[in-house]
Amino acid sequence: MGSALLVVASPHVVEAAEWTIDALAGERLVYDDNVGFTRTGEIEDFSSRTTLGVDVGGGTEVLDLSLRSRFDFTYFADESDLDSNDQRLVGGVDYRAGELMRFGLDVDFTRDTTRTSELDDTGLFIFDNIRREALEVRPSWSFDATRVDRFSLEGEYRTVDYESDLVDYDRYGGAVVWDHEISRPSALGLTAFAARVESDTVDNRESELYGGEAGLTVEASPRLDLRFGAGYYQATTTTDLAAEEDESGFLPSAGLTFRLAPEAVLDLTYARTVAASGSGGI
């Protein structure tokens with residue numbers, strides 16, 4: 001696969017009274033020798049993706065507001081059935097209640113197709129290019145208990161709807177997080193999480209998910225940070241037609257950040273996660 005990218009951005013087009021508006025336009029040209037990453041019957045094609053976007057941000061000393069928008073228009077030279085127009089809107093509110101406490105709310109709406117959304121999820125219906133809509137709402141609260149300790153509560157509601165074939169689902173979840181700063185930027189983090197997934201299937205499939213994770217960030221050198229993590233989850237799935245199913249597994253993660261220069265950073269990350277899927281399972 002090869003690609004060429006041209007991006008034209010105009011930062012701070014409008015700035016007044018603590019508000020900014022940034023505009024972005026980009027064009028990506030791609031040759032892909034296997035669009036769906038299939039083992040047989042590969043499809044190769046040229047495509048172009050035009051991206052337009054506007055970011056708005058601002059607020060006061062205690063309140064920050066932001067809204068990001070992206071509009072993608074993708075066209076294939078030969079496989080016109082894979083053409084799509086996708087939209088994404090991301091809004092955020094951050095409120096500082098004094099020096100120690102913060103409240104946040106993030107809302108993310110995505111309208112795309114299975115050509116992109118299912119590539120890393122199920123690997124199915126990529127060439128069907130089925131329309132997908134996803135809405136995610138994430139409230140949060142954090143409290144700085146000491147100079148080096150922060151406690152957070154995070155919530156999540158996610159609903160995903162497909163135009164056809166795949167399984168719609170709703171996910172409700174939350175997490176408790178403790179972050180401890182060992183020495184800047186070295187830090188330790190502990191997370192306990194729980195979630196419930198309700199899938200729109202004929203057998204009323206429901207899954208409950210519990211787990212925990214621990215992560216450590218260390219400064220190996222003034223230019224290199226290393227990250228290590230480990231976690232474990234337990235999932236229980238019930239349906240009207242079958243016996244209860246249990247599954248569990250480990251959630252390893254690792255990464256590094258290397259500062260090549262003041263304006264260039266190399267970041268590598270590996271992680272294994274567990275989440276709801278358009279295939280109807282966890």
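Predicted model: local features only at pLDDT ≥ 70, side-chain atom pairs only at ≥ 80, totals over all residues.

Me: Where is Pro222 placed in the chain?

Reply: Pro222 sits in the loop that joins strand 11 (206–221) to strand 12.

Me: How many residues separate Pro222 and Glu245 in sequence, and what is the distance in space?

Reply: Sequence separation and spatial distance are read separately. Pro222 and Glu245 are 23 residues apart in sequence, and their C-alpha atoms are 48 Å apart.

Me: Next, the nonpolar cores. Which residues form the largest one?

Reply: A core of this kind is a set of buried residues joined through side-chain atoms within 4.5 Å. Here the largest has eight residues: Ala175, Phe193, Ala195, Leu209, Tyr233, Ala235, Leu251 and Val274.

Me: What does Ala195 touch, leaving aside residues up to four places away in sequence?

Reply: Ala195 has contacts with Arg171, Tyr172, Gly173, Ser207, Glu208 and Leu209. Leu209 is also a member of the largest core.

Me: What does the second core include?

Reply: The second core is separate and has seven residues, among them Ala134, Val160, Tyr162 and Tyr169.

Me: Now the aromatic rings. How many aromatic pairs does the structure hold?

Reply: There are four aromatic pairs in the structure. A pair is read from the distance between ring centres and the angle between ring planes. One of them is formed by Tyr31 and Phe46, which are tilted, with 5.0 Å from centre to centre and 45° between the planes.

Me: Why does the pair of Tyr31 and Phe46 tie together parts that are apart in sequence?

Reply: Tyr31 belongs to strand 2 (residues 19–32) and Phe46 to strand 3 (residues 45–59), so the pair links parts 15 residues apart in sequence. Tyr31 is partly exposed, at 30% relative accessibility, whereas Phe46 is exposed, at 53%.

Me: How are the rings of Tyr232 and Phe250 arranged?

Reply: Tyr232 and Phe250 form an edge-to-face pair, with 5.3 Å between the centres and 65° between the planes. Tyr232 is in strand 12 and Phe250 in strand 13 (residues 245–250), so this pair ties together parts 18 residues apart in sequence.

Me: Which class of accessibility does each of the two fall into?

Reply: Tyr232 counts as partly exposed, at 38% relative accessibility. Phe250 counts as exposed, at 60%.

Technical notes. Residues numbered from 1 in each chain as written. Heavy atoms only, no water. Buried < 20%, exposed > 50% of the residue type's maximum accessible area, 1.4 Å probe, protein only. Contact = heavy atoms within 4.5 Å. Phe/Tyr/Trp six-rings, centres within 6.5 Å; stacked < 30°, edge-to-face > 60°. Helix = DSSP H or I, 4+ residues; strand = E, 2+ residues; numbered from the N terminus.
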